[in-house]
Amino acid sequence: MKTRLTVPVYATTLVLSAFLLFSVQLLFSKMILPLLGGSPSVWNTAMVFFQALLLAGYGYAHLTSHYMTIRKQALLHLGLLLVCLAFLPVAIPAEAHPDAGDNPTLWQLGIMAAVVGAPFFAISASAPMIQRWFAGTDHKDAANPYFLYAASNIGSMGALLAYPAAIEPLLTLKQQNLVWAAGYGLLTGLTALCALMVWKFRPAASVQTQDTAAPAPDLKTKLIWIALAFIPSSLMLGLTTYITTDIASAPLLWILPLAIYLATFIIVFARREIISIETTVALFSVFFTLYLFLMSSTMFVGKPQFFLVPPTVFFFACLLCHKKLANMRPPASHLTGFYMYMSLGGVLGGMFNSFLAPVLFPVPFEYTLAFCAVIIVFSTIVAEQVPAAAKRILPSLTNPKFLIPAAATLALLYASLNERSPALHILAGVFVVITLMSMRMKPAAYAAFACLVMIGVSPLMQLFDRDILTIERNFFGVIRVSNTDDTRNFVHGTTIHGAQP
């Protein structure tokens, strides 16, 4: 088979595998909605499940790459794909339903594992495994197969866009299941073709002989990979909770944060650099400062145009972390390990938001914490870019030039939260902008003050609001009882479910 067909065949296989992975997430979530409703926790729990299976698939790809030759790995994986055909088409048993009154999280995880777990696991290993096989060919780009990950994410994005636009409105659930099963069969055939192509070029020797001069990543590097994957994953689920609670409880809105998240992967793993780390840092600085201005000038919160700001800042926050992550990718010999640790970070971020945060915080404070982590990443990159600024990090925190404007801005911010004067709200925002931009070249001071402002305008402040009588958080969101003038309201998100004099 000619070498010029290698990239199209491998790229097509990865696009199809990613399309199937993400379309089945949407398909299964739609199947389970009648049983659990449209709570953002349903989607967040589903995301954690699929992230965990993705990690398992990446771990399987990494371990088999470490202990098997490419030929043996190909035979094993093709056998697994064929075995999983027995689980198709996917369908929830008619008698399945959660117990009334119980937290349905464990039930949801169990039914997902039983119905869609096996085929999803088999497909999830495709991205790292197929890239490893490509590295075993004689193609001129075999030493740097990471650009194929961008193709994989294009397939994921295609599924996210196609499902609400064409698949969901044109096909019944039964038809969707049959089409997905046919796509799985096609993927099995394409995977066999990829194995055949690498079989020609690589003898039955371990791929470990490649790049033997490249040292294995140390523990610090692996922890950084995990952290840089953890933060955007947590942010994505935090934004999902915000959109589906404060804007509208519509399942299709869950697609927006995930689409933005995938778009940043496409950009950073593209074959040619689309945006530099320096440009990414500059754009994040501008849009994040704008975001803080609008948040601290609370008169803008709730306006229709404000809803465009959080997704925009989220895009540049993900781009910043993923750009740093992509710049730290190892040689092809350590490719599968890189993806495994990256997937581990994504799973931990999802588990933190879905399982731990609702227990720790009575309000969605995890979104704020994730943004504070992004700010720390941002300040670290700035310190690396400007060595002279890094030397001034510790003195800047105790310098009156930092403390005075920071204290004045925080005081004004607190005052603006308790006043209804538009002028005072705008003035608070202006002070935030001036203070942040004046500390732009003092990374630690910038990070410290920006985190303080983020916490100051976070939902955590609701706990100190005397008009809110009680707040409770459960699987379906945050509910609160509050007094407004002469009325007592029962509220979920921005929806008033009951009121009494």
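## Exercises on a predicted model

With a relative accessible area of 60%, Glu-273 is exposed.

### Exercise 1: Follow Glu-273 to its partner

Task: which side chain meets Glu-273 in a salt bridge, and is Lys-323 buried or exposed?

Solution. 
- Step 1. Look for the partner: the side chains of Glu-273 and Lys-323 form a salt bridge, at 3.1 Å from N to O. A salt bridge requires such atoms to be within 4 Å, so this pair qualifies.
- Step 2. Glu-273 sits in the loop between helix 9 (255–268) and helix 10, while Lys-323 belongs to helix 11 (residues 309–327), so the pair ties together parts that are 50 residues apart in sequence.
- Step 3. Check the accessibility. Lys-323 has a relative accessible area of 4% and is buried, whereas Glu-273, at 60%, is exposed.

### Exercise 2: Complete the salt bridge list

Task: how many salt bridges does the structure hold, and what does Glu-168 pair with?

Solution. 
- Step 1. Count: there are three salt bridges in the structure.
- Step 2. Take Glu-168, which forms a salt bridge with Lys-30; their closest N and O atoms are 3.0 Å apart. This pair links distant parts of the chain, with Glu-168 in helix 6 and Lys-30 in helix 1 (residues 6–36), 138 residues apart.
- Step 3. Classify the two ends. Glu-168 has 26% relative accessibility and counts as partly exposed; Lys-30, at 29%, also counts as partly exposed.
- Step 4. Turn to Lys-140, which forms a salt bridge with Asp-141, the closest N and O atoms being 3.4 Å apart. Here Lys-140 is exposed at 71% relative accessibility. The cut-off for buried is under 20%, so Asp-141, at 19%, counts as buried.

### Exercise 3: Name the ring geometry

Task: which geometry, stacked or edge-to-face, describes Phe-134 with Phe-147, and which describes Tyr-291 with Phe-371?

Solution. 
- Step 1. Begin with the total: a search of the whole structure gives 28 aromatic pairs.
- Step 2. For Phe-134 and Phe-147, the ring centres are 5.8 Å apart and the planes stand at 85°, so the pair is edge-to-face. Phe-134 lies in helix 5 (residues 126–135) and Phe-147 in the loop between helix 5 and helix 6 (148–170), so parts that are 13 residues apart in sequence are tied together. Both Phe-134 and Phe-147 are buried.
- Step 3. For Tyr-291 and Phe-371, the centres are 5.7 Å apart and the planes at 25°, so this pair is stacked. It links distant parts of the chain, 80 residues apart: Tyr-291 is in helix 10 (residues 277–296) and Phe-371 in helix 13 (residues 366–385). Tyr-291 and Phe-371 are both buried.
- Step 4. Ring pairs join residues into a cluster whose members include Tyr-58, Tyr-146, Trp-225, Phe-265 and Tyr-341.

### Exercise 4: Why is helix 5 called largely enclosed?

Task: explain why helix 5 is described as largely enclosed by the rest of the structure.

Solution. 
- Step 1. Go through its residues: the buried ones include Ser-126, Gln-131, Arg-132 and Trp-133.
- Step 2. Draw the conclusion. Ten of the ten residues of helix 5 are buried, so the helix is largely enclosed by the rest of the structure.

Note on methods: Residues numbered from 1 in each chain as written. Predicted model: local features only at pLDDT ≥ 70, side-chain atom pairs only at ≥ 80, totals over all residues. Heavy atoms only, no water. Phe/Tyr/Trp six-rings, centres within 6.5 Å; stacked < 30°, edge-to-face > 60°. Helix = DSSP H or I, 4+ residues; strand = E, 2+ residues; numbered from the N terminus. Buried < 20%, exposed > 50% of the residue type's maximum accessible area, 1.4 Å probe, protein only.
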